[in-house]
Amino acid sequence: MAAPTLYILYNADGSVMGKLSYGYRKLTNKDKDKPTCAACDITHGGLSLDETQQWKAAKAQLVESGAVKDIKQFHRDELDHELETRKVD
């Protein structure tokens, strides 16, 4: 069986305004109905614009080991229709 592709979806928009909005939400959010982004915490350590060294190493290890074929990362405003409507088995 072929290795799967790992999709990471950020609960934030990829634009400059989206990043600023996310930063504000992350710093001020006390509302459990409007969660911040767990993927952002894992891959960027929270509010950094750059991926952490740990995440870069983990991505390389996942691909090199064959655990995944590829890792694709999307902000919620970057999804195309095909990915938005894709069903996961």
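Start by selecting Gly66, the glycine that follows helix 3: its phi is positive, near 85°. Helices here are DSSP runs of H or I with at least four residues, strands are E runs of at least two, and both are numbered from the N terminus. You're looking at a predicted model, where local features need pLDDT of at least 70, side-chain atom pairs count only at pLDDT 80 or more, and totals for chains, interfaces and linings use all residues. Residues are numbered from 1 along each chain as its sequence is written, and side-chain values use heavy atoms, with hydrogens and water left out.

Now step back to helix 3 itself, residues 53–64. Its twelve residues should span 16 Å at 1.5 Å a residue, and the end C-alpha atoms are 16 Å apart, which agrees. (The expected span is 1.5 Å times one less than the number of residues.)

Zoom out for a moment. The chain has four helices and two strands, in the order β-α-α-α-β-α along the sequence. Of its 89 residues, 22% count as buried. Buried means under 20% relative accessible area, exposed means over 50%, and partly exposed is in between, using a 1.4 Å probe and protein chains only.

Next, select helix 1, residues 16–28. Its 13 residues reach 18 Å from first C-alpha to last, close to the 18 Å expected at 1.5 Å a residue. Colour Gly18, Tyr22, Gly23 and Arg25, the buried residues of this helix. They cover an arc of only 165° around the axis, which puts them on the same side of helix 1. (That arc is taken from the directions from the helix axis to the C-beta atoms.) Turn to the other side and you'll find Val16, Met17, Leu20, Tyr24 and Leu27 exposed. What covers the buried residues of helix 1 includes helix 2. Contact, by the way, means heavy atoms within 4.5 Å.

Stay with the inside and select Ile8, Tyr10, Ala12, Tyr22, Cys37, Ala39, Cys40, Trp55, Val68 and Ile71: these ten make up the largest nonpolar core. Such a core is a set of buried Ala, Val, Leu, Ile, Met, Phe, Trp, Tyr and Cys residues joined through side-chain atoms within 4.5 Å. Strand 1 (5–10) and helix 2 (38–44) each supply at least two residues of this core. Click on Ile8 and show what it touches: leaving out residues up to four places away in sequence, that's Ala39, Trp55, Ile71, Lys72, Gln73 and Phe74.

Then hop to Thr43 in helix 2. Thr43 counts as buried because its relative accessibility is 1%. Its side chain makes polar contacts with the side chains of Tyr10, at 2.9 Å, and His44, at 2.6 Å. (A polar contact is a pair of N or O atoms within 3.5 Å; within protein, one must be able to donate a hydrogen and the other to accept it, and residues adjacent in sequence count only if both atoms are side-chain atoms.) Beyond four places in sequence, Thr43 is in contact with Tyr10, Asp50, Glu51, Thr52, Trp55 and Gln73.

Last stop: the one aromatic pair in the whole structure. Select Tyr7 and Phe74, which are stacked at 6.4 Å centre to centre, with 15° between the planes. Tyr7 lies in strand 1 and Phe74 in strand 2 (residues 70–75), so the pair ties together parts that are 67 residues apart in sequence. (Rings of Phe, Tyr and Trp, the last by its six-membered ring, pair if their centres lie within 6.5 Å; planes under 30 degrees apart count as stacked, over 60 as edge-to-face and the rest as tilted.) Tyr7 is partly exposed at 33% relative accessibility, and Phe74 is partly exposed at 21%.
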